[in-house]
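User: Could you walk me through this model before I set anything up with it? I'd like to ask things as they come to mind.

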Amino acid sequence: MNTFLSAAQETLKSNYQSIAEKQIMPIAKALEEHKQPLKEVFATLGQAACLNTAVPKEYGGQGGSFLNFALFVEAVAQYEAGLGLSLASHASVIELIKKYGSENQKARYLSALARGEEIATLAFAEVTAGTDFSACQMEARESKGGYSLNGKKVWVVNGEVASLAVVLSRVAEDKLAMFLVDLKSSASLKISANREKLGLRSAFTNDIEFHDHQISAESVLLGDGAEQALFAFDVSQVLIGASAIGLVESATNHAAEHARKREQFGVNIGQFQGIQWKLADMGTECAGARLQVYRAAWAVDENAKDLRLYSAMCKWFAARVARIHSGEALQVMGSFGISEDSPVERFYRDAKVMEIAQGTAEFQKMTIVKQLDI
Ligand SMILES: Cc1cc2nc3c(=O)[nH]c(=O)nc-3n(C[C@H](O)[C@H](O)[C@H](O)COP(=O)(O)OP(=O)(O)OC[C@H]3O[C@@H](n4cnc5c(N)ncnc54)[C@H](O)[C@@H]3O)c2cc1C
């Protein structure tokens, strides 16, 4: 792999940077406070051709690379990492349908998702099935020529704004399958209010209950549900990694700007070696995380043998770097950093959640150890 971006990708990255600065920066706080409708943001980004990057041309996409889409998520997360989580969930569904969907499923969903007219989500976790998602109790019983779903999913990102959920369910004692479920309002579906949480608040997280919810036989994704869940983690982890590096870059910039301007003891605090070294650590570790994220995104495009390893490594490392260095950025900024007027206060809260959402740091380490075959 060429570890550096091509000239075309550098141009794309800078275009995404301008789009994020114009469209996301001004509404970042409103998004976190749910004062800016998320559906409108998806529609705007869809119109700006930011969501269809990795969707095949025959389904209304650009037929470009997943790495290019990761560059977009990185740019967005410089201003609002919660939107990065929403996009990660949405894009993971797109990748699942691309890889495992039938022609009908691709035709039905991909172009609407690519245009941002429909929003998608992954529904795997349950009250008693978190890291061990294979303990899933949700049941899909064959009924009336299709399936009847019963059970409850928790922490479903985009739940209340999504029109499509990919739902992991048990179809036999030893077999899981994934179902494409339209989340149209129905007496057999109950979507809870948003769960308030520490960070990444702009991404709604809802519980969804299914009570004899009838779906057609064509709703099932072909293949093994457990493997499909792992593939979804492979993809979403890369995008959380991309969010993490966007967030750290932005936190570092805010801290450096403050260090240039803030005077104490008669000089700018950036003159103190103690502050300089923090900034050196931030810049260096962010660059290391970025290489890991790009390598893992490249592995998605190439369907590389080590995708699972690279994805777990990049998510674990980038989220850790985000948690540590958003804290260091706050430290450089002192009381200015912890004020709610500072975006770095939000970054600090967001970064911790990145170590849990879409698989915990321990889940990633378990994956790394398995892939290393120890
Ligand atoms: C913001 C957010 C968004 C989310 N979005 C989604 C979503 O869209 N769809 C979805 O299905 N789920 C989603 N989740 C759920 C998420 O995937 C789970 O929270 C996560 O997998 C961990 O499960 P748990 O919280 O039940 O923790 P548990 O599995 O109960 O783990 C508790 C602790 O034990 C550790 N642990 C567990 N097993 C082991 C082990 N074998 N070895 C060492 N340590 C272990 C964990 O790492 C963790 O530190 C989201 C969660 C959050 C917080």
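User: What should I know about the conventions first?
Analyst: This is a predicted model, in which local features need pLDDT of at least 70 and side-chain atom pairs count only at pLDDT 80 or more, while totals for chains, interfaces and linings use all residues. Residues are numbered from 1 along each chain as its sequence is written, and side-chain values use heavy atoms, with hydrogens and water left out.

User: How many helices and strands are there?
Analyst: The protein has 12 helices and nine strands, taken as DSSP runs numbered from the N terminus, with helices (H or I) of at least four residues and strands (E) of at least two.

User: What is the radius of gyration, and what would a compact globule have?
Analyst: The protein has 21 Å, which agrees with the value near 21 Å for a compact globule of 374 residues; the radius is taken over C-alpha atoms, and the globule rule is 2.2 Å times the number of residues to the power 0.38. Along its principal axes, the C-alpha trace spans about 80 × 45 × 40 Å.

User: And how much of it is buried?
Analyst: Buried residues make up 56% of the 374, where buried means under 20% relative accessible area, exposed means over 50%, and partly exposed is in between (1.4 Å probe, protein chains only). The protein exposes about 16,100 Å², of which carbon and sulfur atoms supply 52%; accessible areas come from the Shrake-Rupley method with a 1.4 Å probe, and for residues only the protein chains shown count as cover.

User: Switching to the ligand: which residues come nearest?
Analyst: Of the 18 residues around the ligand, those that come nearest are Phe124, Ala125, Thr131, Thr360 and Glu362, a residue being near if one of its heavy atoms lies within 4 Å.

User: Which polar atoms sit by ligand oxygens?
Analyst: An oxygen atom of the ligand is 2.6 Å from an N or O atom in the side chain of Thr360, an oxygen is 2.7 Å from an N or O atom in the side chain of Thr131, and an oxygen is 2.7 Å from a polar backbone atom of Phe124. The protein covers 65% of the 960 Å² of accessible area that the ligand has on its own.

User: What about strand E1, which strand does it join?
Analyst: Four bridges join E1 (residues 120-123) to strand E4 (residues 164-172), and the two run parallel; strands pair if DSSP finds at least two bridges between them. Thr121 stands opposite Ala165 in E4.

User: Are the faces of E1 covered or open?
Analyst: Both faces of E1 are covered, with Ala120 and Leu122 buried on one side and Thr121 and Ala123 buried on the other. In a regular strand the side chains alternate between the two faces of the sheet.

User: Then Thr205: buried or exposed, and what does its side chain contact?
Analyst: Thr205, in strand E7 (residues 205-216), counts as buried because its relative accessibility is 3%. The Thr205 side chain makes a polar contact with the side chain of Lys197 at 2.9 Å, a polar contact being a pair of N or O atoms within 3.5 Å; within protein, one must be able to donate a hydrogen and the other to accept it, and residues adjacent in sequence count only if both atoms are side-chain atoms.

User: Last one: which non-glycine residues have a positive phi?
Analyst: Among them are Lys144, at about 50 degrees, and Phe265, at about 55 degrees. Lys144 lies in the loop between strands E2 and E3 and counts as exposed because its relative accessibility is 78%. Phe265 is in the loop between strands E8 and E9 and is exposed, with a relative accessible area of 80%.
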